[in-house]
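Subject: Structure for you to look at

Hello,

Here is the structure I promised. Please open it first, then read my notes below.

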Amino acid sequence: MGGALGQGDGRLTDAYLDVQDVGKRFRETRVLEGLGLSVRPGEFISLLGPSGCGKTTLLRIIAGLLPADRGRITLDGVDITRVPAHKRRIGVVFQSYALFPHLTVAENVAFGLKARRTPAADVASAVSRSLALVRLSELADRSIFALSGGQQQRIAVARALAVRPKLLLLDEPLSALDRKLRETMRMELRHLLRDLDITAIFVTHDQDEALVMSDRIAVMNAGRIEQFDTPTAVYTAPATPFVLDFVGMSTRLRGTVVGASDGELAIDTAVGRIRARGCVPHGGAVVVAVRPENLRLGPARGGENAVDLKVRDPVFLGSKLILHFHAAEGDSAVAELPAAAAQQVAPGDNVTVSWDIESVGLFVLHCGVVGCRGHLVQRGRDVLPASGHLAQLDGKAVEREAGPWRQVRLSAHMVRDRVQGHGKVSGGSGHDFVIRQNARIGEIAHADGRGAAA
Ligand SMILES: Nc1ncnc2c1ncn2[C@@H]1O[C@H](COP(=O)(O)OP(=O)(O)OP(=O)(O)O)[C@@H](O)[C@H]1O
Ligand SMILES: [Mg+2]
């Protein structure tokens, strides 16, 4: 893919679509917060996030269907922030398809062109071209009522493509389809858009869909983008605990750093002492995460961790076996094994599980904030501040440079405000936090021990 990266904030110098610092409130509810998204020409981007995180709102703002409170959007070098929707040349496919029931298939596809006062001959050729693209030319004169869900979905895509959009926005276009059809349509849509070399933003809350379809995935949480990267990077190197949890399964063990040498940490967890690569100060609260395919049954070999776990639930999935283990509250342990392993294990068995400490799937997340009764690691995905807020906090904070770490004192009410502002945690008292410079969500690393967790 290539493309020059801007200064550290993920902005591209050669962006085709550039969404900068967009914010949106609905009355007192802040829905988008200083959001940026830089997309290359021809890219297929997924916005992946839980219900209510602001995906549709962002799409509507890009399409011009909703004004942002602040921020700037450029498309193909033109500032479109104040350009009305019908002049943006952006095609939109809505979740409900929003087809007009009183019009035929062809009239639906022609709708955007007629609204733009396109000459009749051009409308006719554009309609037949678009219907051919989605392989439904023979349905041109049908009523919308006489279409299956999959056909309606394709007509909605044809309608959006008919205006030769500079950008295509798709809001959960497959969610109304049954699973089998959805999987077929996924690849069909992907191939079509790739062949047409169209830049597209695809909204979904289905991680599999995002992983198989996208050039890059923007993982959204509570009005912010927590990570914007390739599917492989999002899966193998999640930037925050939220991304780790939202995309794929993992073994997650909370622990405390009790020693470090040569970049290797000794970490005490509920299932014993393990080792991990990382740079976290002594006493730091961390979460160690291992993807299930990186666990194996059997004792440690050189360079591996091994822990004893009790089997809770083996789930047979045809080609593989997913083993869930009993874990301490707030932790989880899950392994993906070859199906044949089903012969070896039963619920209640105690087994030794090991993994390579260098394994690509091993993550140390510098996210442990000791302070709010030790629960912030778990809840951190909801409450840790974004960089914007950090700067604000920094402004009020006492700072001390310490290598790559910056010590920031947050007063009790500042912590509580941040936390309670999200309605998640009611406790919290004043502590010293060590925050990595330019920390993003999830990178608050460590309390220095003063007044630390109860
Ligand atoms: N017109 C509106 N007035 C008030 N609040 C709104 C409005 N539109 C959206 N919201 C709120 O903004 C938040 C984000 O909504 P949005 O539709 O963008 O979420 P989403 O990520 O698309 O969710 P879903 O996956 O359920 O479609 C939600 O809390 C929603 O209730
Ligand atoms: Mg939505």
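Let me start with the ligand. Helix α1 gives the most to the shell around ligand 1, with 3 residues. Helices (H or I, at least four residues) and strands (E, at least two) are DSSP runs, numbered from the N terminus.

Some ground rules. This is a predicted model, in which local features need pLDDT of at least 70 and side-chain atom pairs count only at pLDDT 80 or more, while totals for chains, interfaces and linings use all residues. Residues are numbered from 1 along each chain as its sequence is written, and chains are lettered from A and ligands numbered from 1 in the order in which they are written.

Back to the shell. A residue is near a molecule if its C-beta atom, placed from the backbone, lies within 6 Å of it. The residues around ligand 1 are Phe-26, Thr-29, Val-31, Gly-49, Ser-51, Gly-52, Cys-53, Gly-54, Lys-55, Thr-56, Thr-57 and His-205. Both β2 (29-39) and α1 (55-63) supply at least two residues each. By class, the shell has 3 nonpolar, 8 polar and 1 charged residues. Here Ala, Val, Leu, Ile, Met, Phe, Trp, Tyr, Cys and Pro count as nonpolar, Asp, Glu, Lys and Arg as charged, and the others, Gly among them, as polar.

Now the whole chain. The protein has 11 helices and 24 strands. Of its 454 residues, 40% count as buried. Buried means that 20 or more other C-beta atoms lie within 10 Å of a residue's own; exposed means 12 or fewer, and partly exposed is in between, with C-beta atoms placed from the backbone. Among contacts with a separation of 6 or more, 65% come from residues 24 or more positions apart. A contact needs C-beta atoms, placed from the backbone, within 7 Å.

Helix α3 (residues 120-133) has 14 residues. From first C-alpha to last it reaches 20 Å, close to the 20 Å expected at 1.5 Å a residue. That expected span is 1.5 Å times one less than the number of residues. Buried in α3 are Val-123, Ala-126, Val-127, Ser-130 and Leu-131. They lie on the same side of α3, because they cover an arc of only 130° around the axis. The arc is that of the directions from the helix axis to the C-beta atoms. On the other side, Ala-121, Asp-122, Ser-125 and Ala-132 are exposed. The cover over the buried residues includes α2 (105-115) and α4 (149-162).

Next, a sheet. It is open, with 5 strands in the order β15-β19-β16-β17-β18 and antiparallel pairing. Its edge strands are β15 (296-297) and β18 (333-338), and each pairs on one side only. Two strands pair if DSSP finds at least two bridges between them. β15 and β19 (residues 350-356) have 2 bridges. Arg-296 has Ser-354 as its bridge partner in β19.

Which residues does Ile-90 touch, beyond those up to four places away in sequence? They are Ile-62, Ala-63, Pro-165, Lys-166, Leu-167 and Leu-169. Ile-90 lies in strand β6 (residues 90-93). Ile-90 is buried, with 25 other C-beta atoms within 10 Å.

Asp-21 is not a glycine, yet has a positive phi of about 55°. Asp-21 sits in strand β1 (residues 17-26). Arg-27 also has a positive phi, near 50°. Arg-27 lies in the loop between β1 and β2, and is exposed, with 5 other C-beta atoms within 10 Å.

Best wishes

Key: Two residues are in contact if their C-beta atoms, placed from the backbone, lie within 7 Å.
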